[in-house]
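Me: I would like to learn how to read the features of this model. Can we take them one at a time, general idea before the case?

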Amino acid sequence: MSTLTATPAPAAPARPAAQPLPPISYRAPITYVVVAALALIVFGILPASGKKTGFTVSTSTDFFQIEKFSVPSKTTAIVLCLIALALGALSFWYAQRRRKAGLWLPAVYAVALILALLVWAVAGKNQPLPLTSLLQGSLFLAVPLVFGALAGVLCERSGIINIAIEGQLLAGAFLAAVVATLTQSAYLGLIAAPIAGALVAALLVAFSIKYVVDQIIVGVVLNVLVVGVTSYLFSTVLKVNASTLNTPPRLPTLPIPVLSEIPVIGPVLFRQTALVYIMYVVVIALQILIFRSRWGLRLRAVGEHPKAADTVGIKVNRTRVRNTLLGGAVAGLGGAFFTVANGLAFGKEMTAGKGYIALAAMILGRWSPKGALAAALLFGFADNLQVVLGIIGTPIPSQLMLMTPYVVTIFAVAGLVGRVRAPAAEGTAYVK
């Protein structure tokens, strides 16, 4: 007699556990709405009616001339602030649905508020606001910030915190001025500047990688060291021999044929010095190399998980040394802006904290070259705006105008960055 055995039914595959939804953050939308509402009150509702704001756009070498125009100050400011408020409300809609708005929303929002500020600040003035000159100067003033932020990206993506950007900028400015004066060639000064930045970075490498000293402390000490050394040499050598050691020639402006004659875009982008054109190349090259090349993959792997990178054969500390030196050279190149790019003699502490603003630009740009460029342009615009409005005259107190670049830096990092994540192994020494 045979015995029938029941075959157990196969177990149903386990369902994957539901992933919890990310928390909704209203930080950025609230910031957008509050700032736009304040701007509406200050720029649109409070000012007296009847005033107009004039603007000029064209330069003498453009293909065609755009006539000077004016707009009603109060009405224009109200419309622009309402556009910013609508974008703030739209950001709430995106936040509720846990969707990313993209870069277009903060970009359009910032442009609307900046235009509202300009319309209000120049209302009723006899002298129109030169928009093209404002943008051209903003790009030029952003140059050291861009190079400094790119240096920070290169170093921190590999795991080294580079607080010494300020010292690297100052060292680059010093050596560029001396070499350009001795050779009477601004371009040779431009070549010398990265060498000075790389030398400062070599000290950062020696102490933070070889002797495993806290990287933040080393960076601060290097800044103080460079300030002390350059100030001493300025007082004892350059000041005494200014004509032979501290009168650098200026980099010439190199307008690109045809492109430089396009209204607005031409003078801003294509009527600049060689240093600005080098900046374009460096930003594009680093954006591609960091995120689209084998070298960039190794760089990011060392900054995120050095032990895992080591297990697949990547030399962690060697990668960090090379990229820190490269970052120092990039920062030193930015230091040439203060001397040979402007044709100015070297002065004590002439970088004036630009290295620290470059660090803020790097963070605001989320450790990417294109983001660092955008953030540096914002700070450069704020820097140039206080100069232009100071010349034209504005109801804003001069003390507040001088604070503009630093206020924008603090506001941007504290209010607009949101939650960002630095490279995981940043500041952590790797001992095999």
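Reply: Start with pairing: two strands pair if DSSP finds at least two bridges between them. Strands are DSSP runs (E, at least two residues) and helices are runs of H or I with at least four, numbered from the N terminus. This is a predicted model, where local features need pLDDT of at least 70, side-chain atom pairs count only at pLDDT 80 or more, and totals for chains, interfaces and linings use all residues. Residues are numbered from 1 along each chain as its sequence is written, and side-chain values use heavy atoms, with hydrogens and water left out.

Me: What is the order of the strands in the open sheet?

Reply: Strands of a sheet pair through backbone hydrogen bonds, either parallel or antiparallel. Here 3 strands form an open sheet in the order 2-1-3, and the pairing is mixed. Strand 2 and strand 3 are at the edges with a single partner strand each, so one side of each has no neighbour in the sheet.

Me: In which sense does strand 1 pair with strand 2, and in which with strand 3?

Reply: Strand 1 (residues 52-56) runs antiparallel to strand 2 (residues 69-72), over 4 bridges. Gly-54 lies opposite Ser-70 of strand 2, and Thr-53 has Val-71 as its bridge partner there. With strand 3 (residues 129-130), strand 1 pairs in the parallel sense over 2 bridges. Leu-129 is the strand 3 bridge partner of Phe-55.

Me: How many salt bridges does a search of the whole structure find?

Reply: The criterion is a side-chain nitrogen of Lys or Arg within 4 Å of a carboxyl oxygen of Asp or Glu. The search finds 1. Lys-354 pairs with Asp-383, with the closest N and O atoms 3.8 Å apart. This pair joins distant parts of the chain, 29 residues apart: Lys-354 belongs to helix 15 (residues 354-364) and Asp-383 to helix 16 (residues 369-392).

Me: How many cavities of 30 Å³ or more are there, and what lines the largest?

Reply: Work on a 1 Å grid over the protein atoms alone: a cavity is a set of points where a 1.4 Å probe fits but cannot get out, while a pocket is an open set with protein on both sides within 12 Å along at least five of seven lines. Lining residues have an atom within 4 Å of a point. Grid points join across faces, edges and corners, and volume is the space filled by probe spheres set on them. The structure has 2 such cavities. Helix 7 (186-210) and helix 14 (316-335) each supply at least two lining residues.

Me: How does the lining of the largest cavity divide by class?

Reply: Ala, Val, Leu, Ile, Met, Phe, Trp, Tyr, Cys and Pro count as nonpolar, Asp, Glu, Lys and Arg as charged, and the others, Gly among them, as polar. That gives 6 nonpolar, 3 polar and 1 charged.

Me: Which helix gives the most to the lining of the second largest pocket?

Reply: This pocket has about 220 Å³ of space. Of its 13 lining residues, Ala-171, Ala-196, Val-200, Val-226 and Val-229 are closest to the centre. Helix 6 (165-183), helix 7 and helix 8 (215-238) each give two or more residues. Helix 8 gives the most, with 6. The lining divides into 12 nonpolar, 1 polar and no charged residues.
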